[in-house]
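Please have the structure open beside you while you read.

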Number of protein chains: 2
Amino acid sequence: MLGKNKIKFIRSLENKKQRAESGLFLAEGNKLVADILPFFECELLVAQSSWMATQGDIKAKELLAVDEEDIKKASLLKTPQDVIAVFVQPANHLDKELLKNELTLILDGIQDPGNLGTIIRLADWFGIKNLICSPDTADVYNPKTVQASMGGIAHVKVFYESLPDLLDEWQDIPVYGTFLDGKTIYQEKLASTGFIVMGNEGKGIRPALAKRITNRLYIPNFPPGTESTESLNVAVATAVICAEFRRQQIYAV
Amino acid sequence: MLGKNKIKFIRSLENKKQRAESGLFLAEGNKLVADILPFFECELLVAQSSWMATQGDIKAKELLAVDEEDIKKASLLKTPQDVIAVFVQPANHLDKELLKNELTLILDGIQDPGNLGTIIRLADWFGIKNLICSPDTADVYNPKTVQASMGGIAHVKVFYESLPDLLDEWQDIPVYGTFLDGKTIYQEKLASTGFIVMGNEGKGIRPALAKRITNRLYIPNFPPGTESTESLNVAVATAVICAEFRRQQIYAV
């Protein structure tokens, strides 16, 4: 049985201010919680005993076996599953020296928490370890972001920084960004280190950052040269670009 | 001033049964409605006069100038914009003969309306004209799908068919699908015609369809050969695959 205060506490983590003040975040779902449990300190785990039985030794400060009704009351999901967990936000440290030898994603004002989560998930797939966001990008600990990241949140580190300041520190590393007048990604030689900047869903990359882009890229539509008022979803565009970076690195002769 | 019945009518189109019975669908947002207005018969358009002033001659059976409060009452969006429109679902005809000369996307049980909309949007970008879905795939006229398609719904035709039956009619066209044991998309020669099958978010391609796949593909993660329990979001995977089909068609020598 889950008390009113516990339900209120769990649900309060939908709120960004509550998350910031408590230093905690929420994750729901049988696979997601199982996947990230080894990587974060767990403050509270409430689950049906059937789910607990599928796990080995569960490390959590507080562990509560509850029934379906309790989960429904505490859940933020439309279709609640069998487990909800509250984790401690890790204290990640951005080692700027390491960025020299890696591909790093830079997000300039991504608004939608689902898009951010999907980008974290694909960064994990394409072996990108760090994601640096403008301060006004969606919160990595928004429950919708955690959900969409599908465990990627345990492997990809997300930082919030002033992006113009960050790029000013790096004068000798390529900075890629997509623009309608860029060179197609298939005709540009893409490096295995550097920054890939992705812009806001509606407005793209802001001017302060756009002027710091050294390599302007474009994902060609089909048939090539067709005029289009349309565009790609930002997570989709990020995926196509990251895939092409990795293809050139491994498969291009 | 928008009457109660009109508000109720608009909001009722969130419901699939209501959409099916009325043959109507809903679209919201300044850019989206402007983009698709020329392509669908408009039954009802309610907008702030400021939005109307940005448009030329608006063709709608019923046109109502309303204020912000009215829009808020009728809108299904968290952040309502200045216009809501009700359109007639078009009667699309699937010309199976044409499929022989094109790339066609096949969706096997995509659940999430947002994923379906994002796939329609990217199909538009990559010049794919037809999307054929299993009957249990999300509804193309779900407001969330229309929203995520960003106007792609005006250019890409979406059909619902029994997929095993459909593929049985085509014995001589390549049928591509992604599997963990597939060949990497960069090492497979991808044709400029054929079917690309994408599976359900959790379960992938169902067995009845899997056995009809002629070319098993895989999107390599990075570094290559790394074991991963993770996967890509289905819209993201569709984009990476479609981009690679088009790259090979245009840029590969």
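1. Let me begin with the chain contact: 29 residues of chain B are in contact with 29 residues of chain A, where contact means C-beta atoms, placed from the backbone, within 7 Å. On the chain B side that touches chain A, H6 and H10 of chain B each supply at least two residues, and H10(B) gives the most, with 8 residues. By class, that side of chain B divides into 16 nonpolar, 7 polar and 6 charged residues. Here Ala, Val, Leu, Ile, Met, Phe, Trp, Tyr, Cys and Pro count as nonpolar, Asp, Glu, Lys and Arg as charged, and the others, Gly among them, as polar.

2. A word on conventions: this is a predicted model, in which local features need pLDDT of at least 70 and side-chain atom pairs count only at pLDDT 80 or more, while totals for chains, interfaces and linings use all residues. Residues are numbered from 1 along each chain as its sequence is written, and chains are lettered from A and ligands numbered from 1 in the order in which they are written. Helices (H or I, at least four residues) and strands (E, at least two) are DSSP runs, numbered from the N terminus.

3. Chain B has an open sheet of 6 strands with parallel pairing, in the order S7-S6-S5-S9-S8-S10; two strands pair if DSSP finds at least two bridges between them. Strands S7 (157–160) and S10 (215–218) of chain B are at the edges with a single partner strand each, so one side of each has no neighbour in the sheet. On average, neighbouring strands of this sheet are turned by 35° against each other, direction ignored.

4. Within that sheet, S5 (residues 103–108) and S9 (residues 194–199) of chain B run parallel and are joined by 6 bridges. One pair to look at is Leu105(B), whose bridge partner in S9(B) is Ile196(B).

5. Which helices cover the sheet? H6 (residues 113–125) of chain B packs on it, touching S5, S6 (130–133) and S7 of chain B, and its direction makes about 170° with that of S5(B). H10 (residues 234–250) of chain B lies across S5, S8 (175–184), S9 and S10 of chain B, at about 160° to S9(B). Axes are lines fitted to C-alpha atoms, for helices over the stretch in contact, and angles run from 0 to 180 degrees between N-to-C directions.

6. In chain A, the axes of H6 (residues 113–125) and H10 (residues 234–250) come within 9 Å and cross at roughly 15°. H6(A) and H10(A) are therefore roughly parallel to each other (angles under 35 degrees count as roughly parallel, over 145 as roughly antiparallel, 65 to 115 as roughly perpendicular and the rest as oblique). From H6(A), Asn115(A), Thr118(A), Ile119(A) and Leu122(A) meet Val234(A), Ala235(A), Thr238(A), Ala239(A) and Cys242(A) of H10(A). That contact has 6 nonpolar, 3 polar and no charged residues.

7. Is Leu122(B) buried or exposed? Leu122(B), in helix H6 of chain B, has 30 C-beta neighbours inside 10 Å and so counts as buried; the cut-offs are 20 or more other C-beta atoms within 10 Å for buried, 12 or fewer for exposed, and partly exposed in between. Not counting residues up to four places away in sequence, Leu122(B) touches Leu232(A), Val236(A), Ala235(B), Thr238(B), Ala239(B) and Cys242(B).

Terms used:
Contact = placed C-beta atoms within 7 Å.
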